[in-house]
Amino acid sequence: MTTLLIAALVIFGVIAYRALPVSELPSVDFPTISVTANLPGASPETMAAAVATPLESQFSTIAGLDSMTSTSAQGSTSITLQFTLDRNIDAAAQDVQSAISAALRKLPPNLPSPPSFRKVNPADSPIFYVALSSATLPLPIVDEYAQTQLAQRLSTIPGVAQVQVFGAQKYAVRIRANPDQLAARGMGIDELQQAVAQANVNQPVGMFDGSRQTFAIKDNGQLSDAAAYRPLIVAWRNGAPVRLQDVATPIDSVENNKIASWNVDKRAIVLAIQRQPGANTIETVDAIRKILPGFKAKLPAAIDMNILYDRSLSIRDSIDDVQFTLVLASFLVLVVILLFLRNLSATLIPSLALPISVIGTFAAMQLLGYSLDNLSLLALTLAVGFVVDDAIVMLENIVRHLEAGEPPFEAAIKGAREIGFTIISMTLSLVAVFIPVLFMGGIVGRLLHEFAVTICVAILVSGFVSLTLTPMLCSRYLKPVELAGHGRLFKAFESFFAALLRAYERSLGWAMSRPKLILASLAASLALTVVMFAVVPKDFIPSGDSGRLIAFTEGAQDASFASMVEHQRALAEIVAKDPNIRSFMSSVGAGGIRPTSNTGTIFMLLKPREERELTPDEIIQELRPKLAAVPGIKVYLQNPPVIRIGGQITAAQYQYTLQDTDLDELYQWTHTLLGRIRQLPGFVDVTSNLNNLSPVVALDIDRDKLSSLGLSFAQVEDALQSAFSARQISTIYGATNQYQVILEVAPDYQADPAMLSRLYVRATGGKLVPLETVASISRKTQALTVNHQGQLPSVTISFNLLPGVSLGEAVDRIQALESELSLPVSLNTSLQGTAQAFQSSLQGLGILLLIAVLVVYLVLGILYESFVHPLTILSGLPAAGLGALLTLWLFKVDLSLYAFVGVIMLIGIVKKNAIMIIDFALDRQRRSGMPARQAISEACLIRFRPIMMTTMAALAGTLPIALGIGAGAEVRRPLGLAVVGGLVLSQFLTLYLTPVVYLYLERLGQWRSRQTARHRLV
C-alpha cells in the first residue's frame, strides 16, 4: 500500500511538472489600466483642466481603485489607474469604459477621437524589442511594415497588452503654407484649409440600377500623395486659378517629424512589446517568436529585422540556474548523509524523501495554478535542506536501536513508534511558521504566498514519506550492525564523531553547571539582535542583473527637436564605445513613455555575464561621469528592478511625491525639498517632473478690436491651429490604412515668433486682417507638464542611490528632512512606487515575524499540552536572528525581502533541533521517572548525531544559494546568507541553551505545582 501511494504521488508529480508554466516571478502585478487622450495644440494646462480633470472625476468612483496619476503635456493626457491586487482587470476595464462614456459630454467637443485605454502598466519595461531598418528604402515604407503589419499582428497575441512604436514614421502629406504668398493672393490660411479639405473627399456616391444591369459609381475624389495636391485649385483671383503649389509646398512626409529612433547608429522603427499584468512572460515571448520567421520571409530584401532584446532569455537563465542549484543542493545533502551514516543503503533510504517530496510538490503546484518561477524553485531548493530532516531523524532512531542489537523489523517498529510524535511536531510546527504569510496582503503577500505554499507542501509530503516509506524501507533493507563491514574511512569518521561527542559531553556539563552564564548569553543575543536589526541596512528587492540598463535623457525645457537629436547622438557615441554594452536603442521626442519633446531614452543591452567583468550598478558608475560630460543634456541611468511597482514613469528609480491645492506653495516647497534632497549623502540623479519654466509666446488678443473688425476669437485660434499645430485637415484612405493630410506654415515661418505678423485672418466683410492688428506678443513661461496624484496637483521628486546606500537609509533621511523643515499642514508628502512598498512592507514584516513566532508557540503548546515547553523550544530564535543579521552585516548585504524570508525560515529550522531534545527528555521523564537534569543531558547526547546531521543537511542545501553563483543569484544570495549565518550561530548556542532553559522552566513548573498543592491543603 505504501509503495503504491508513493508511486502515485511520483507519477502525478512528473505529469504536473511537464505541464507547469515557466515565469520569472509569481503573478504579482497590480491590475493597471492606462488611459490616453489627445487634443493637438492644446497647452498642458488646458489638457489638465479640460481633459484630465473630468476623466479623473469619473474614474475616482470606480471600486477597487488603489491609485490614480496623470500627466498632461502639450496636446496629450495620460492617466494611469492602478487597482488593488484582488480586482479583476477585465471587470476594471469595463468600469473604465463606462467612466469614459460618462465623461464624454464634459470633454472638449473638438477631440479628434474619444479617450482610449489599454490594460498595461506604462511603467513596466517591455519584454521584447524588435527593430526594422533599411539602408535604401524610405522610413515611411519601413514604418508601414512595422506598424500596419507586424505591430497589429503582435497586438493580437494573448498576453500582449501594447506594442509601443519608437520612432514611428507613418506616412502623411504635409502642406506647408507660405503666409506671404497667401497674403499676396488675398487668401487667409483658413481658406486654404477649407479648400484642401473639400478637395480630398471619399464619400459614397451611389449606383445606377437598371432593368438588366447595375453600375457602381466611382469618382476620383481621393488624392493619395503630395504630387496630386500640387495642381489643386484652391481659389480664383482675377479670373485665374490659384493652385496649391502657388501658395504652399505639399511634400511626402510623416505624421510626427519630431521623433526619431536609432538601432545603434541606424535610423529604425523599433517595436517594444509590453505584456498584460499577470501574463506569463515566457509564453508570451514564445508566441511572439513563433510568428516572426513567417513575417520576415514576407519582408522586402532591403528591410532588415533584428531582435534587440528578449526578456525571456534572462528569465530562462535564472530558472536554469535555480534548477541547477536545486540539483547541487540535493547532491550536497546526500553527501552529508553518507558521511554521517557511512552506509550506502542507509543513505539511500532518507535520500528517497528528497526527490519524492519535490516531485510530489509539483502535483500540488499544478492544482493550485502555480508556475516554475524563481520563488517557487527557491522554496524547493531551501526545502532540500530540511525535507530530509524527518527521514534522517526517523532513520537515525531506527539505526540506534539496530546498533543496540535489535533485528531490523523490530528496530523499525520501535524506532518509528518512539519518534513518530517528534516528526509530527517538527512538521506541523514548521508549516505553522508560514501560516501568517498566507494571510498577508499587498505586493509582499502576493510575492510570498506561492513561496510559502510550495514549501509547506514539500514539508508535509516529506513528513508523510518519513512516517510511511522510510520505516518500511528500514525494516527490509537495513542490515544488522554486526553484519556490516567497516573500512578505514568509516573508522576514521567514527573516531572523529566519538571525539566530538565526548567534547560536547564535557562542555555540556560545564555549561549546565553555569546556568546563569548561559542565560546571560540568551539575553545578550536578544539584545544584540535588536541592535543589529537597527544597524543592518534595509532594502526591498535587489535589482539584480537582468542584462539591461535604461537611460532617461532630458534637455533644456526650451530644447528644439534638432538640438535634442544632436545631444542624443553625442550620448550614443559614448555608449557605443563601452566594452560592457553589446547593443543599444536610442529614441528622442514626445511619444510613448516620453510626454515632452525635450526627453529621450537609451535602452542598453549588456553583454552576457561571462563576457564582462562589471555588474550593472558598476557599469552605471562608470558611465555616469562620461555621459555627464556632454553639455546641454542630463542623463539618468537605471538598473531596472525585478518588479516595477507603481504606474508612474520617472527619470530616476525611487519616487517622492508632494501634493497641495495651492500651486504656489506646492512649487515653492518642491524647489526647497529638491535642493535639500540633492545635498543628502548617498542620493544621486535627484530631479523632479516640475518643468514650469518652458518659454511660451503669449498672445494678448484685443476682443474689442476683434468685434469691430468682424472677427471672432474662434477664427483667430482656428488660424493659429492651422499654422502651428500640425493640424490634420483631411484623410487619405488607403487599402490597409489611413493617412493624414497635415496643414502647417513652412518651417521658416515656425522658427521665429515675429512671423506671426504675416498671418492673416479673413473678417466677415471679406477683408484680410493681419493677426498683429488684434494681438500683441509677449514672452512668458508655462509648465511643460501638469501632474495629478489622485485629483490633486502633484510634483514627484525622483532619485537614485549610490552603491552601498540602502533604501531604508534613504527613507530615514527623507523623513528626518521633513521633520527638520516643518512642512505646512496643507502639503502632503508620500513615497511612491518601490519606496512606498518598502515602507509599508518594513512595518508589516516585523508584525509578521511576531505572529509567526506566536503561531508556532500555539501549535507547540497544543502538541505538548504545555505553556512552558514551547518557550524552551523557541529559546534559540534570538541566536538565529543574531546570526542571520550579523552575517548580512559582515558580507555588506542589505536586509531585503529575500533575507527576511530566510529569517522566517530560521524559525522553523532552529526549533527542530530543540524539539528533538525536548521530546526525548519529556519521554524519559514521563516513562522512566528520570530526573529532569539526567533526562535532558541524556537527550542532548543521544540526539547530538541527528541534530548535527539535520543541521549540516540544511547548511548543505542552503550553501549554493549563499555562494550566489549563476544568473539572478545576486537577488537570492541574501536569503542564503541569512539562513547559513543563523544556522551556524544558533546551532552552537542552542546545544547549550536549550537544556539550561529546560531545567529552569522545569523548576518553575515544580515550584508552581508545590504552591498549588500548598493552597489546596490550606
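Predicted model: local features only at pLDDT ≥ 70, side-chain atom pairs only at ≥ 80, totals over all residues.
Local features need pLDDT of at least 70 and side-chain atom pairs count only at pLDDT 80 or more, while totals for chains, interfaces and linings use all residues. Residues are numbered from 1 along each chain as its sequence is written, and side-chain values use heavy atoms, with hydrogens and water left out.

**Second largest pocket**

- The second largest pocket holds about 1,300 Å³ of space. Its lining has 49 residues, and P542, S543, D617, P803 and G804 are the closest to the centre.
- A pocket is an open set of points on a 1 Å grid over the protein atoms alone where a 1.4 Å probe fits, with protein on both sides within 12 Å along at least five of seven lines; lining residues have an atom within 4 Å of a point. The volume is the space filled by probe spheres set on the points.
- α20 (616-628), β20 (633-638), β30 (792-801), α29 (877-890) and α33 (969-1017) each supply at least two lining residues, and α20 gives the most, with six. Helices (H or I, at least four residues) and strands (E, at least two) are DSSP runs numbered from the N terminus.
- By class, the lining has 23 nonpolar, 14 polar and twelve charged residues. Ala, Val, Leu, Ile, Met, Phe, Trp, Tyr, Cys and Pro count as nonpolar, Asp, Glu, Lys and Arg as charged, and the others, Gly among them, as polar.

**α30 with α31**

- The axes of α30 (residues 897-928) and α31 (residues 932-942) come within 8 Å and cross at roughly 135°. Axes are lines fitted to C-alpha atoms over the stretch in contact, and angles run from 0 to 180 degrees between N-to-C directions.
- α30 and α31 are therefore oblique to each other; angles over 145 degrees would count as roughly antiparallel.
- The contact (heavy atoms within 4.5 Å) includes I917, F920 and R924 of α30 and A935, E938 and I942 of α31. By class, this contact has ten nonpolar, one polar and two charged residues.

**α30 with α29**

- The axes of α29 and α30 come within 9 Å and cross at roughly 150°, which makes α29 roughly antiparallel to α30.
- L877, A880, A884 and L888 in α29 meet A899, V903, L906, I907 and V910 in α30. This contact has nine nonpolar, no polar and no charged residues.

**α30 with α14**

- The axes of α14 (residues 408-433) and α30 come within 9 Å and cross at roughly 160°, so the two helices are roughly antiparallel.
- Among the residues in contact are E418, F421 and M426 of α14 and I907, K911 and D919 of α30. By class, there are nine nonpolar, four polar and four charged residues in this contact.

Terms used
Parallel < 35°, antiparallel > 145°, perpendicular 65-115°, else oblique.
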